[in-house]
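Here is a short report for a reader new to this structure. Have the sequence and the model side by side as you read.

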Amino acid sequence: MVEVTFVTHKGEKRTVEGHEGDSVMQVALNNGVAGILADCGGALSCATCHVHIAPEWIEKVGRPGVEEETMLEMAVDPDETSRLSCQIPLTGALNGLVINLPASQL
Ligand code: FES
């Protein structure tokens, strides 16, 4: 199992577990983490699964691909830490990952 900690924009933390291969978006939805809508179900066509990667995890998580970058332009207030959580598969190397949730998806 891989632990992921979600931090709301108010600083509230919640740590949950997911399986390797699950996306960060799936882990959030499976555990009822609020703040990720994922309207398209992970098809890279909505940007409502937008999250901010904690700075210390950015290198391990990696940068968005070209298609994801295009979709991120539709997210609310994207920045250099932004990723679409449906495009981040969990691996053992991401155990302890910290995800900052945006204030809003819409
Ligand atoms: S769930 Fe729609 S882009 Fe990630």
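## The nonpolar core

The largest nonpolar core has 33 residues, and Phe6, Ile36, Ile53, Trp57, Leu97 and Ile99 touch the most other members. Several elements each supply at least two residues of this core: strands β1 (2-7), β3 (50-53) and β5 (97-100), and helices α1 (24-30), α2 (58-61) and α3 (66-72). The model is predicted. In soluble globular proteins, nonpolar side chains tend to be buried together.

## The largest pocket

The largest pocket holds about 180 Å³ of space. Its lining includes Phe6, Thr8, His9, Arg14, Val33, Ala34 and Gly35. Leu101, Pro102, Ala103, Ser104 and Gln105 line the pocket too. By class, the lining has six nonpolar, five polar and one charged residues.

## Serine 82

Serine 82 sits in strand β4 (residues 82-84). Is serine 82 buried or exposed? Its relative accessible area is 4%. Buried means under 20%, so serine 82 is buried.

Leaving aside neighbours within four places in sequence, serine 82 is in contact with His50, Val51, His52, Pro64 and Leu72. With histidine 50, the link is a polar contact between side chains, at 2.8 Å. The side chain of serine 82 also reaches the backbone nitrogen of aspartate 79, at 2.8 Å. Isoleucine 58 is 24 residues from serine 82 along the chain, and their C-alpha atoms are separated by 9.4 Å.

Technical notes. Residues numbered from 1 in each chain as written. Predicted model: local features only at pLDDT ≥ 70, side-chain atom pairs only at ≥ 80, totals over all residues. Heavy atoms only, no water. Core = buried A, V, L, I, M, F, W, Y, C linked by side-chain atoms within 4.5 Å. Buried < 20%, exposed > 50% of the residue type's maximum accessible area, 1.4 Å probe, protein only. Helix = DSSP H or I, 4+ residues; strand = E, 2+ residues; numbered from the N terminus. 1 Å grid on protein atoms, 1.4 Å probe; cavity = no way out; pocket = protein on both sides within 12 Å on 5 of 7 lines; lining within 4 Å. Points joined across faces, edges and corners; volume = space filled by probe spheres on them. Nonpolar A, V, L, I, M, F, W, Y, C, P; charged D, E, K, R; others polar. Contact = heavy atoms within 4.5 Å. Polar contact = N/O pair within 3.5 Å; in protein donor to acceptor, adjacent residues only side chain to side chain.
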